[in-house]
Structures are given as C-alpha cells and as structure tokens.
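Have a look at the model first, and then I'll walk you through the parts I picked out.

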Amino acid sequence: MAHTHEAAHHADDHSHDHHGPEKGWRRWVYATNHKDIGTMYLVFSLIMFFVGGTMALVIRAELFQPGLQLVDPMFFNSMTTMHALVMIFGAVMPAFVGLANWMVPLQIGAPDMALPRMNNFSFWIMPFAFTLLLSTLFVPGGAPAGGWTMYPPLVLQNGTSFPMLIFAVHLMGASSIMGAINVVVTIMNMRAPGMSLLKMPLFVWSWLITAYLLVAVMPVLAGAVTMLLTDHYFGTTFFEAAGGGDPVMFQHIFWFFGHPEVYIMILPAFGVVSEIIPTFSRKPLFGYDAMVYATASIAFLSFIVWAHHMFTVGMPLAGQLFFMLATMLIAVPTGVKVFNWTATMFKGSISFEPPMLFALSFLFLFTIGGFSGLMLAIVPADFQYHDTYFVVAHFHYVLVPGAIFGIMAAVYYWLPKWTGHMYNNKLATWHFWLSTIFVNVLFFPQHFLGLAGMPRRIPDYSTQFADWNMVSSIGAFGFGLSQLLFAYIVWQTARGGVKASAKVWDTATPHGLEWTLSSPPPYHSFEVAPEVK
Amino acid sequence: MSKILKYAAASVAASVMACLPVGAALAAWDLNMPVGVTELSRDIHGLHMLIFWICVIIAFAVFGMMIYSIVKFRHSQGAVPAKFDHSTRAEIVWTIIPVAILVGMAIPAAETLIRIEDTRNSELTIKVTGYQWKWQYEYLDQKVSFFSTLARDSDAARQLDSGIDPQTVEHYLLNVDKPLVVPEDTKVRVLLTSADVIHAWWVPAFGMKKDAIPGFVNELWFNAEEPGIYRGQCAELCGRDHGFMPVVVDVRPKAEYEAWLKAQQGGESAPAQAAVEKINDGAATEVVAKAE
C-alpha cells in the first residue's frame, strides 16, 4: 500500500499526465500496467499453489498407511483430479504468464505489453474460471473425479460438475491464448532498436516459443472438451463405439494438446535458469545459439510424440516404434541444454545466492526427471511403468523441482528488482534446503513404489507398499509446510527491507536491460527505448 | 557453504532415521522391478536394467562435472571466471554421442516390442472383460465363464474406518474370490474389452499391461513358465473402486489345469452351464470377428 500512496502523490505533482497507478481497487480491477498484471498473476498463482497443495496433502494423508482412514474413494479421485487441474492451470501456467508480464517488457526495453487491455481481460478471466472449477467441490455428485485427463467414457459419469469442468477449461484456455498472443505481439513488435532476435535474453526466447505452443494447442484442448460436451448433451458419438466413435480418439486429441503443454510448463523455466546460471557463474552463457535452437527443436518434437502417453491403448507396431523413437530424440536437445548449463559453470566463479541454489537444484533434479523420461520412452519397459507411481515420480520431478523450482528461482532472482527491497537471505536459504530435501523424500520413493507395482490414482494399496508410502507422505508434509516460509519471505519483502540497487546482484554479473532500470522500475518501464549494441 | 552442507547432512540423516524404526517393523523396502516368470517379462526387465545403468553412467559423468564445477570454481575461493562462451567441437560431440547411445537402446527395445506384438500360434484364448469394478474371464473354446471380484476379507477391511488392520488381511487388496486359472508353458492369448469405461489389465510378473476399451478388442499374450499365483491390479482409472479390482492369475501344471477345467465344465448346475454356453457362443463369434 505504501507503494500506492507514493505513486499517487507522484501523480498529483504531474497532474497533466498519467504516470502513476489508479488509487485503491481501481488499480487492480482496471489494471493495464504490465507490472500490476504480472503481480496479480503471481499472487493468484501462489494462492492456487496452496489450494492445489492442500489437495495433495489430503491425498498423501490418506496414503500415509494402508486402509481408508480419511476420505471416500470418490472424494480421493476428486482430489487427484482437482490437484492436477489447479496446479497445472492455476499455479504453474499463471506463474509463468506473471513472470512474462513482469520481465518481457523489462528485458526487451519496452514501456509495457503490446495489448494492455487484453492483458487485463486474460488475467481477470482466471479468478472466474477457478471459482467455477473449485465450486464443483460443493455440487451434487462432487467435484470431477475422472482424472485431469478427462478420458471418456469415465468423465461422462461426473454429475453436475461435468459441464462446469468443461466451461472452466474453456475459460482457462481463452485466458492462456490471450496471454500468449500478447507475449508474441510484444516480443515481435516492441523490442528496443538493435535487439535482433538472436540478441534477446533466453527467458524472452523461451517465452516466445512457449507462446507459439500455447496458441497452437489450447484450441485443440478446447475442441476435445467441446466434443465431450456434445457427446454428453447433444447426442453426438465422437468417443462412443456404439455410434461409430472411438474413446481412444479423445486420448489422441487430448495428448496432442497435452504433450506440448508439458513443454509449455518447462520451457520458461529453462529460460529462467539460463539467465541465473551465467549471472552467478560470472561467465557468459555457454552456446547461446545452440540453446535457442535446442529450445526450438524441443518445441517442434513436442508435436510428434503425444502417443507415448498411451502406449497401452493397443496401437499398431509401427505407431509404437515411431512414437518411441521420436520421444527418445527429445533427449538430444534436452541433453544439449543440460551440457551447456554445466559448461557455463565450468571455469566460472560460482556463488550460491538463493536464485542460484534453486537453479542448481533444478539442474540436478530436472535431469533425474529426464532420465526417468528416457526410461519411459522405451515401449516394452513402459508396459510395466505405465500408470504406476514410476510415472507419478517422473512427472513430479520435472514439474516440482523442474517447473516450480524454476519459478522460485525466478522470484528470488527478480523479487528485489520488483519490490526494490532485498529479501531475508538466511530465510530464503532455509527455504531452499527444506524444499530440496523434502521434495526428494516426497518423490524419490515413488520410483520404488511404481517399480514394485503400485498403480497410480488408487486411494488404498496393498501392505507391501506401506513403507515407501509413509516416507513419501512425510516428505509431502515437510515440503508443503516449507512453502509457508516462501509465502512469508515474499510478503515480508513486498512490505519493506534493505533497499536494492538497480543492479541488485552487485557482486555478480547480471546481464540484460532490466538491470539498467531502478529497483523498483518506473511505472512505464522504458519510456525512451534503450539502444542495444 | 560448509555450514549449509552440515545442515543438509543433518536433515537427511534425521529424515532417514525417522523412517528406519517404522521400516524395521514392516515388510520389505522394495527398490526395483521384480523379475517376472515369462520370457517377455525377463526381456523387459533386462531392457529396464540396461537403460537404468546407461542413465546411471550418464548421471555420473554429468553430475560429476556439475559437482566438480561447483566445488572447484567457487567465487568465495577467489576463482577467476574464464571468458569462453562456446566450443563448436564440444557441442558437436555432445550431440552425436547421445544419438549413438539412443540408437543402441532403440535396437533391443524394438526387437522385444516386435515379439510382444506377435500373438500368433496361441494355444489358449481367454476373453477378459472389465466392469466397474470386477473382471469377467471367458474361456472361449472351453465354454467356461466367471467373474472375479475382490476377496471378501479385503473388501471388509478396505471400507472407510472399517477398524480392521489391513496388515492382518492376507494379500490385502490383491486377492479375489475366483482367480483366472491357466496352464503353465502355454501361450495364452488374452482378448481385452470393457463393458463400461476403460480399464487396464496388468500382471507385473508377466510384464504385460493393456487397456480394456469399451467397443474395441485389444490383445496381449503371455507364457508363464512356473506354476504359482501372480497378482496385479487394474491400471487405468475407472471410477470409485478403481483401486479395488485386482487381477489374480493361478498358473497350474497342465494336468491340474485340465482337472480344474473339467470341474468347471461339469461341476456347475445344468441350466447355469447352458446360459454360459449361450453367452459364450454369441460372444466368441463376435470377438473373434473383431480380432481377426
């Protein structure tokens, strides 16, 4: 709030123009400023992170020991379904859009996003979409319980929640598409003079590619769920064999969206890490061009590997071989990225500030997720791994210490820039160690459970799986509680603290236009375009 | 940094210690995929271990390099950063080597996959139909058909707040009233379909998992070499009781299997048997027509 008053005062002094934000609620509801909208996206995402996290803790509490102690199996299924939807569409994606809103204009030397009113609209759809989604918890029949993948015919067994789920997904999709269009238009049109595409910071590059993926696949998801809707209410039989349809066709369409979606959630994290590692290694990023081409290759490959999510549906041999080989190929550009990050650190001068700690943790743990991904690509082995906890372990390794640690690294890297204050370094370091240790206690044993034969999405299990489930649940509560520390650190930094300089990381070597502006940056970022050599 | 490492080591030790006493009192801490009882499952296990070790070797190289850099090139130790920002040779090398490793993995994987998909020359065909939440097994040529559901004691114990300790129930959630019985050393072809939503039939010891999809027929095969009881579960989310429809296969020596089959064919009352036959006649021609 101190912020608002200061800015308002500033506006009074120069009443002939509009260099400050509106007062009170108008600032947020009518927001067109990229920083305000970015802040709203990030706060919204943090709230959803705790909502989705609470659901995860319900799941892990029930799985703490064999037998059903806490919830009905139907509610358990609702929790797994809602946890995924909230975390994917409510936590990870909006967090990255928030980071894009804050950082893209700052990094390309622009005053704001290209389409500020659409920016406002794309954010304000989100609270409505999630009110609709979360309200299904209170309707007859309960929240959606057919899995976030919404496979028919099971999804059609949902009660009143079914149409609400479909419309919520439509709203989220519309919001994402608008956000993505805004990013593309901004990057293509508003770069400072001299900033050619191959001079853009990697965070901007990774978001440009992500935005194209979003524009390409969100409409596909919208189409798939609309077909579910017409199957249910208007007598079509897209996914029903009795009418000449095929339930597996839904899976093909869904995963044509779903696999690029996976990269939508990780590419911006690649971008963040590519900014942070050179800064704290005090050495330029190794192989900038290769990094750009690798990101683009991953994005291209993401369109031709979707069926590896469904090897057990009974595809022709040729299909299985094609999707196996294409999937394995993704390891090549991903490997290039990991090697380049490592080579950036090699012969550098490394220090361990909180953003670097999270980036390093990302580097190690995302790579573990990459290894299990490679194992999952091998079709015969996948017949064993498929739909077990091995898969759960795999995608949580790439999403939690992957995507979410990427987001946290970004917050610790840029928070002093955003607020003008340094955060409590000691607390942030504690947050890092607690998160890194507990995330492994939480997810590493799930590899063992999956290999030993525990299927995913079950509310209760045979006693042979009891030990590792207990360990995993302890890790879950440790990880979940540690995140309260994160919320506290962010809140504390927003309220005040030691003033941050323009460069913020004075002893390191941060590169990019954002460090040429004051901390916090002026309301209209770059009013005069900077010159890029 | 060293202080941080000390904290880290202490926390890891603490969390490991916290779990140990509990573990000692309970069952085994399984870490790896068990080796199965069919040739295919052993091949799959072999592939799994091959890829695993390749990943371990790569991990040693990559993580080793990362840790070396983190330890050796520390700002606090006065490391002076180098200025290089690319090396075309290194980049070509670490693009080509992974491609070669991948080809090396893909060849045995493709070879195994081709054998998995070869369902020809089977000696016994069983149609498996998934229901919410049980399995139906139909021996198409032998005219035997029955349902297989979760065992009573497991079902009682798994109710919310049942008060029954699952540790006291034998094969908790992995036992059925009537298992699928098959002969050893026989190529069994399983035809999979579903009566409602998608299920997946999975027996880890056979290395095989496949979806049962309403309106379509999938097939898989196995040839169990050792008599025994093998347990698995439905592997595709199929609604409320997805976790409570186990798959149990009882592999018997051929003579015992024949005796069991005789009992099934003759043991039931005549009208029931006639009904089974009628269902089977219709279903068999339909399924075979689709599978062809």
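This is a predicted model: local features need pLDDT of at least 70, side-chain atom pairs count only at pLDDT 80 or more; totals for chains, interfaces and linings use all residues.

Let's start with W133(B), which sits in the loop between β1 (124-131) and β2 (134-139) of chain B. Helices and strands here are DSSP runs, H or I of at least four residues for helices and E of at least two for strands, numbered from the N terminus. The bond that joins Q132(B) and W133(B) is a cis peptide, with omega about 5°. Chain A has a cis peptide bond too, from S519(A) to P520(A), with omega near -5°. P520(A) is in the segment after α17 (466-495) of chain A.

Residues are numbered from 1 along each chain as its sequence is written, and chains are lettered from A and ligands numbered from 1 in the order in which they are written.

Now chain B as a whole. It has six helices and 10 strands. Of its 292 residues, 36% are buried. By buried I mean 20 or more other C-beta atoms within 10 Å of the residue's own; exposed is 12 or fewer, partly exposed is in between, and the C-beta atoms are placed from the backbone. Contacts mean C-beta atoms, again placed from the backbone, within 7 Å. Taking the contacts in chain B with a separation of 6 or more, 70% come from residues 24 or more positions apart.

Where they touch, domain 1 of chain B puts in eight residues and domain 2 of chain B puts in 11 residues. The domain 1 side of that contact has four nonpolar, three polar and one charged residues. For those classes, Ala, Val, Leu, Ile, Met, Phe, Trp, Tyr, Cys and Pro are nonpolar, Asp, Glu, Lys and Arg are charged, and the others, Gly among them, are polar.

Next, strand β4 of chain B, residues 180-183. Which residues are buried on each side of it? L180(B) and V182(B) on one side, V181(B) and P183(B) on the other, so to speak, with both faces covered. Strand β4(B) runs parallel to β10 (residues 246-252) of chain B, joined by four bridges; pairing takes at least two DSSP bridges.

In the loop between α4 (152-157) and β4 of chain B is V176(B). V176(B) counts as buried, because it has 22 C-beta neighbours inside 10 Å. Leaving out neighbours within four places in sequence, its contacts include S148(B), P246(B) and V248(B). V176(B) and S148(B) are 28 residues apart in sequence, but C-alpha to C-alpha they are 6.1 Å apart.

On to the interface. How many residues does each chain give to the contact? Chain B gives 92 residues and chain A gives 88 residues. On the chain B side, α3(B) gives the most, with 15 residues. By class, that side has 58 nonpolar, 20 polar and 14 charged residues. F216(B), in the loop between β7 (208-212) and β8 (218-222) of chain B, touches A241(A) and T193(B), not counting residues up to four places away in sequence. F216(B) is partly exposed, with 18 other C-beta atoms within 10 Å.

Last, a couple of helices in chain A. Helix α16 (residues 425-452) has 28 residues and should span 40 Å at 1.5 Å a residue; its end C-alpha atoms are 41 Å apart, which agrees. The expected span is 1.5 Å times one less than the number of residues. There's a kink of about 25° at V441(A), shortly before the proline P445(A); the bend is the angle between axes fitted to the seven residues ending there and the seven starting there. Since 20 of its 28 residues are buried, α16(A) is largely enclosed by the rest of the structure.

Helix α9 (residues 267-281) of chain A has 15 of its 15 residues buried. Just after α9(A) comes R282(A), with a positive phi of about 55°. R282(A) counts as buried, with 20 C-beta neighbours inside 10 Å.

Definitions and conventions: Two residues are in contact if their C-beta atoms, placed from the backbone, lie within 7 Å.
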